[in-house]
Structures are given as C-alpha cells and as structure tokens.
Amino acid sequence: MSDLAGTGPERVDAFIEESLLATDPALAACRERSRDAGLPDIAVTAAQAKFLQLLIEASGAKSVLEVGTLGGFSTIFLARGAGAGGRVVTLELDERYAELARANIARAAPAASVEVIVGPALDSLARLSGPFDFAFIDADKENNGAYVDHAARLARDGALIVVDNVVREGRILDPDPANASDTGSRALYAHVRDHPQLEATALQTVGAKGWDGMLIARVRKGEY
Ligand code: SAH
Ligand code: DHB
Ligand code: MG
C-alpha cells in the first residue's frame, strides 16, 4: 500500500497513510506476516484504524471489545487507544488467525492488555463480562444484529459501538437474498433504529477497501 498504485481512492489512502500515520515496523510486520500466512486481505486500513484509536482516546474509553480479530491489525490500534491501564478483549473464530494475532500484538507491545478469545463470537459473548466503553464489530456480517445486542448489553452508559462494512459497494440497497453478509449488513440499520438504547449514524467511506462504511452507535442506558 505504500506505493501509489491503484485507483484514485486507493492512492489517496496511501497518501494519507504516508502523510499522517507514522511508519511503524510492528504494523508493517503485522501486515506482512498476515499476508504471508495467507490471511484474507480484509483488515481495516491504517487510516480507519487510527480513526478508531482516536475515537477511543477522545471518549476516554479504557475497556474495549472487538468482534473479529483476523491478524490483529485493528486490535493493535484499539489497544493503543485504550492505553496504559486499558484492556482489549477480541474475539476470533479461527485458532490459526488468533495465534498469529497474538504474535503480531506482542510485537507491537501496546500498553493496554489484550486478550484474544478463540471460538464462535456468539458463544464468547454469552460468557463475557463487561462493562465495555467501546466496541468494534467486524466479523461475520449475518450475526451483526446479535453482536450489537451483546455489545449494548455489555456496554457502559455512553459507550460507542462501531460496526464495519455497512455499505458494501452499495449492495445494502438491494442485497442478494443468497448473500448472508449483504443481507446481514442491510438488516442492521432497522435493527439499530429499533433498539431502545441506541442512537446511531453511518458514514460512507472510499479508499483502499473500495466503497464501504461504518455505523457508529452510542449506548444510552437507563433512560428506558
Ligand atoms: N478487525 C480485523 C478484521 C476482521 S476480518 C482488522 O480490521 O484487522 C473478520 C474476522 O472475523 C475473520 O478473522 C474471521 O475469521 C472472523 N470471524 C468470522 N466469523 C466469526 C465468528 N462467528 N466468531 C468470531 N470470529 C469470526
Ligand atoms: C470482508 C470482511 C470485512 O470485515 C471487510 O472489512 C471487508 C471484506 C469480506 O468478508 O469480504
Ligand atoms: Mg471489516
């Protein structure tokens, strides 16, 4: 991503990364080892990950939940946001991805503690205890509604919940019923709108990951 190949938005992402995001050997190694291990190339961009870190810092979140670890790229930024005394719990289905993530996170050595829990996230969420100040949901999209429900249940009043991939090249407007990821991403909007504790918006993005977006919800407990 550091050369300026690709489409306009891809090149702008490379420019943003080179201009604003410090070169970091641990992050470069995380990307390289994830690629070498054959992991899918679906991590958030560095620009998106830094945005999540800044949201965590600005909101003072110290306890962070992630659903969908992959090789730990986003996790490293979440942990940097949580900072000293903070903790991140991240959930991953695939044991092999989780092992690589643990190694990548250890190399980045964030001040916050990070726990990678292996297994279907729905099972892990049912066993987790909160409260969390911030959640990033980025796993199998068909379970997004259930993940948001768990995140809201485990959240502290005022917590933020961010959900990745809520635009999917616009396919959410007319999802193929056979595509559970797209139907799941689409269904999330009504689900969040109808959730009594959530106030939300969504922002579209373009860049190295194409045309997509993130939904951002704030949890308000106790008013209902
Ligand atoms: N957040 C990561 C990318 C996550 S990709 C980053 O930006 O760096 C989505 C991940 O969710 C994959 O690693 C996949 O194995 C995991 N996943 C898919 N279904 C899952 C499930 N049911 N429970 C937990 N993790 C799941
Ligand atoms: C896919 C998943 C993601 O979380 C993402 O950010 C991009 C693509 C996918 O499964 O194709
Ligand atoms: Mg994603």
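Colleague: What makes the spacing of the donor residues of the magnesium ion (ligand 3) read as D-x25-D-N in sequence?

Modeller: In this predicted model, the magnesium ion (ligand 3) is coordinated by Asp138 through OD, Asp164 through OD and Asn165 through OD1, and the spacing of these donor residues in sequence is written D-x25-D-N.

Colleague: How do you know that these residues count as donors of the magnesium ion (ligand 3)?

Modeller: The coordinating atoms of Asp138, Asp164 and Asn165 lie at 2.0 to 2.2 Å, and a donor is an N, O or S atom within 2.8 Å of the metal, so these atoms qualify; water is not among the atoms, so the site may look incomplete.

Colleague: Why is Asp138 called buried?

Modeller: Buried means under 20% relative accessible area, and Asp138 has a relative accessible area of 15%, so it is buried. Asp138 has its place in the loop between S4 and helix H7 (144-154), and, leaving aside neighbours within four places in sequence, Asp138 is in contact with Val44, Val67, Gly68, Asp164 and Asn165. The C-alpha atoms of Asp138 and Ser74 are separated by 9.6 Å, although these residues are 64 residues apart along the chain.

Colleague: What makes the phi of Asn165 worth a remark, and is Asn165 buried or exposed?

Modeller: Phi of Asn165 is near 65°, which is a positive value in a residue other than glycine. Asn165 is found in the loop between strand S5 (155-164) and helix H8 (180-193), and with a relative accessible area of 9% it is buried.

Colleague: Why is Glu169 called partly exposed?

Modeller: Partly exposed covers values between the 20% limit for buried and the 50% limit for exposed, so Glu169, at 43% relative accessibility, counts as partly exposed. Glu169 lies in the loop between S5 and H8, and Glu169 has a positive phi of about 55° although it is not a glycine.

Colleague: Why are H2 and H4 called roughly antiparallel to each other?

Modeller: Helix H2 (residues 25-36) and helix H4 (residues 73-82) pack at an angle of about 155°, with their axes 9 Å apart. Angles over 145 degrees count as roughly antiparallel, and H2 and H4 are therefore roughly antiparallel to each other. Where they meet, Leu27, Cys30 and Arg31 in H2 face Phe73, Ile76, Phe77 and Arg80 in H4 as contacts.

Colleague: What makes H4 largely enclosed by the rest of the structure?

Modeller: Nine of the ten residues of H4 are buried, so H4 is largely enclosed by the rest of the structure; among the buried residues of H4 are Phe73, Ile76, Phe77 and Leu78. H4 is followed by Gly83, whose phi is positive, near 70°.

Colleague: How do you know that Arg80 lies over the face of Phe77?

Modeller: Arg80 lies at 5.8 Å from the ring centre of Phe77, and the limit for a charge over a ring is 6 Å, with a further condition of 35 degrees from the ring normal, so the distance falls inside that limit.

Colleague: Why is Leu39 called buried, and which residues does Leu39 touch?

Modeller: Leu39 has a relative accessible area of 10%, and buried means under 20%, so Leu39 is buried. Not counting residues up to four places away in sequence, Leu39 touches Ser34, Leu70, Gly71, Arg96, Tyr97 and Leu100.

Colleague: What makes the peptide bond from Gly130 to Pro131 cis?

Modeller: The peptide bond from Gly130 to Pro131 has omega near 0° and is cis, and Pro131 lies in the loop between helix H6 (121-127) and strand S4 (132-137).

How values were computed:
Residues are numbered from 1 along each chain as its sequence is written. Chains are lettered from A and ligands numbered from 1 in the order in which they are written. This is a predicted model: local features need pLDDT of at least 70, side-chain atom pairs count only at pLDDT 80 or more; totals for chains, interfaces and linings use all residues. Side-chain values use heavy atoms; hydrogens and water are left out. Donors are N, O and S atoms within 2.8 Å of the metal (3.2 Å for Na, K and Ca); water is not among the atoms, so sites may look incomplete. Axes are lines fitted to C-alpha atoms, for helices over the stretch in contact, and angles run from 0 to 180 degrees between N-to-C directions. Helices (H or I, at least four residues) and strands (E, at least two) are DSSP runs, numbered from the N terminus. Angles under 35 degrees count as roughly parallel, over 145 as roughly antiparallel, 65 to 115 as roughly perpendicular and the rest as oblique. Contact means heavy atoms within 4.5 Å. Buried means under 20% relative accessible area, exposed over 50%, partly exposed in between (1.4 Å probe, protein chains only).
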